[in-house]
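Visitor: I'm new to this one and would like to be walked through it slowly. Could we put it on the screen and start with a single side chain?

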Amino acid sequence: MMALARDPEVGLEQRDCADQSFDYMFKLLIIGNSSVGKTSFLVRFADASFTSTFVSTVGIDFKVKTIHRSDKRFKLQIWDTAGQERYRTITTAYYRGAMGFLLMYDITSQESFCAVQDWATQIKTYSWGNAQVVLVGNKVDLEEDRKVPTEDAQRLATELGFQFFEASAKDNVNVKQVFDKLVDVICERMNDSVNGDASPSANHNEASLMETPRSGAGGCTC
């Protein structure tokens with residue numbers, strides 16, 4: 001009798017969820033309009049796979065991934081949020097306590113880019129003051145259908161004080177780099193807070209609670 005092959009990625013995700021050997025745990029959210037590729041982006045990062053058959057996320061979902069940065073282990077709890085307006089009251093409830101956000105738009109959709117300013121306002125309204133943001137223009141594999149110039153997105157990111165990447169979940173372009181950069185800027189902000197350089201509104205207690213010892217050790221003019 002032939003044994004069924006077990007999906008190795010399932011085992012990896014289960015071990016990530018159960019793994020208590022990490023230095024820091026960060027809660028991250030991926031937000032943006034519906035159909036910009038948030039779920040595909042997360043699955044590419046967490047499971048190293050891609051499928052074009054995803055349906056729209058209902059409410060909110062999450063995955064866990066552990067990464068290494070600067071000799072530290074970071075356990076990332078990454079929440080994938082629905083982009084539809086009818087789920088907004090549900091998803092904004094998860095903003096509280098988030099250390100970082102991936103604010104995503106589709107480079108082939110001017111509408112999704114024009115919504116970035118509104119999403120940035122949501123972050124400012126519902127998250128804590130030290131949350132860091134990376135603006136991500138997804139689907140660069142569809143360059144021939146581009147509607148949002150890179151220069152416009154870079155300009156908006158600079159105005160908002162966000163990091164900026166263009167990426168592709170399908171072709172695995174800049175996916176890991178986006179998460180690595182977000183973790184790096186969160187750590188930089190935490191170090192600033194410890195050194196007393198953060199703004200008075202910074203929530204120092206929340207940042208420190210994320211540290212866990214190892215076990216045993218301008219806008220769019222549309």
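Visitor: Which side chain does the side chain of R73 make a polar contact with?

Guide: In this predicted model, the side chain of R73 makes a polar contact with the side chain of H68, at 3.4 Å.

Visitor: Where is R73 found, and is R73 buried or exposed?

Guide: R73 is found in strand 3, which covers residues 72-81. R73 counts as buried because its relative accessible area is 14%, and the cut-off for buried is under 20%.

Visitor: OK, what about K63, buried or exposed?

Guide: K63 sits in strand 2, residues 60-69, and K63 is also buried, since its relative accessible area of 16% falls under the 20% cut-off. The side chain of K63 is joined to the side chain of D47 by a polar contact of 2.9 Å.

Visitor: And D47, which helix is that in?

Guide: D47 belongs to helix 2, where it is one of the buried residues. Helix 2 spans residues 38-47, and because 10 of its 10 residues are buried, the helix is largely enclosed by the rest of the structure. Among those buried residues are K38, R44 and F45.

Visitor: What comes just after helix 2?

Guide: Just after helix 2 comes A48, which takes a positive phi of about 55°.

Visitor: Let's change topic. How many residues of strand 5 are buried?

Guide: Strand 5, residues 132-138, is mostly covered, with 7 of its 7 residues buried.

Visitor: Which of them point one way, and which the other way?

Guide: Q132, V134, V136 and N138 point one way from strand 5, while V133, L135 and G137 point the other way, and all of these are buried. In a regular strand, side chains alternate between the two faces of the sheet.

Visitor: Which strand does strand 5 pair with in the parallel sense over 7 bridges?

Guide: That is strand 4, residues 100-106, which pairs with strand 5 in the parallel sense over 7 bridges; in one of the pairings, G100 has Q132 of strand 5 as its bridge partner. Strand 5 is also joined by 4 bridges to strand 6, residues 163-166, and these two run parallel. There, the bridge partner of L135 is F164 in strand 6.

Visitor: Now for the second largest pocket: how much space lies in it, and which residues lie nearest its centre?

Guide: About 300 Å³ of space lies in the second largest pocket. The pocket is lined by 16 residues, and those nearest its centre are I123, A131, V133, L160 and F162. Helix 5 (116-126) and strand 5 are the elements that give two or more residues to this lining, and the largest share, 5 residues, comes from helix 5.

Visitor: How do the residues of that lining divide into nonpolar, polar and charged?

Guide: The lining of the second largest pocket divides into 8 nonpolar residues, 7 polar ones and 1 charged one.

Notes. Residues numbered from 1 in each chain as written. Predicted model: local features only at pLDDT ≥ 70, side-chain atom pairs only at ≥ 80, totals over all residues. Heavy atoms only, no water. Buried < 20%, exposed > 50% of the residue type's maximum accessible area, 1.4 Å probe, protein only. Polar contact = N/O pair within 3.5 Å; in protein donor to acceptor, adjacent residues only side chain to side chain. Pairing = 2+ DSSP bridges. 1 Å grid on protein atoms, 1.4 Å probe; cavity = no way out; pocket = protein on both sides within 12 Å on 5 of 7 lines; lining within 4 Å. Points joined across faces, edges and corners; volume = space filled by probe spheres on them. Nonpolar A, V, L, I, M, F, W, Y, C, P; charged D, E, K, R; others polar.
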